[in-house]
Amino acid sequence: QVQLVESGGGLVQPGGSLRLSCAATGSISRINSMDWYRQAPGKQRELVAQIISGGRTNYADSVKGRFTISRDNAKNTVYLQMNSLKPEDTAVYYCHAFVLALGSERYYWGQGTQVTVSS
């Protein structure tokens with residue numbers, strides 16, 4: 001079984017920064033990709049940033065230049081550095097990963113961490 005455990009959310013003022021972490025634990029053979037999604041109240045869940053094997057990254061247009069995704073393969077952990085935060089970044093942020101574990105490949109979700117940007 002694989003678990004994704006997020007941390008680092010909280011309340012921050014506009015223009016501030018936060019760093020989210022997501023650690024994957026369990027009987028993991030390989031992590032193919034790790035992503036961050038977010039869901040604001042009344043809106044659909046959307047992809048924020050993605051990092052795949054080889055280190056290639058993709059970002060939503062709304063966060064390009066402000067957010068940076070990175071990964072520590074040795075720790076099976078992905079990070080999301082969020083700078084110049086705006087009120088519209090307020091959402092629950094979810095970690096998402098495509099993992100090979102115990103001979104089976106599938107997607108996993110974390111439990112989510114709240115990010116609130118407000119003065």
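Predicted model: local features only at pLDDT ≥ 70, side-chain atom pairs only at ≥ 80, totals over all residues.
**Reading a sheet and its disulfide**

Colleague: Thanks! What does C95 join to?

Modeller: In general, a disulfide is a covalent bond between the sulfur atoms of two cysteines. Here C95 is joined to C22, with 2.1 Å from S to S. The structure holds one disulfide. C22 lies in strand 3 and C95 in strand 9 (residues 91-101), so the link ties together parts that are 73 residues apart in sequence.

Colleague: Which hand does the link of C22 and C95 have? And is C22 buried or exposed?

Modeller: The link is left-handed, with -80° about the S-S bond. As for C22, its relative accessibility is 0%, so it counts as buried.

Colleague: How many bridges join strand 3 to strand 8?

Modeller: Six, and the two strands run antiparallel. To find your place, look at L18, whose bridge partner in strand 8 is M82. On to strand 1: six bridges pair it with strand 3 in the antiparallel sense, and V2 stands opposite G26 of strand 3.

Colleague: What lies between strand 7 and strand 8?

Modeller: The two form a hairpin with four residues between them, and N76 in the turn has a positive phi of about 50°. Strand 7 (residues 67-72) pairs with strand 8 over six bridges, in the antiparallel sense. One place to look is R71, which stands opposite V78 in strand 8.

Colleague: Why is strand 8 largely enclosed by the rest of the structure?

Modeller: Count its buried residues: five of the six in strand 8 (residues 77-82) are buried, so the rest of the structure largely encloses this strand.

Colleague: Let's finish with S21. Is S21 buried or exposed, and which residues does S21 touch?

Modeller: S21 is found in strand 3 (residues 18-26). Buried means under 20% relative accessible area, and S21 has 18%, so it is buried. Leaving aside residues up to four places away in sequence, S21 touches V5, E6, S7, W36, V78 and Y79.

Note on methods:
Residues numbered from 1 in each chain as written. Heavy atoms only, no water. Buried < 20%, exposed > 50% of the residue type's maximum accessible area, 1.4 Å probe, protein only. Contact = heavy atoms within 4.5 Å. Pairing = 2+ DSSP bridges. Disulfide = S-S within 2.5 Å.
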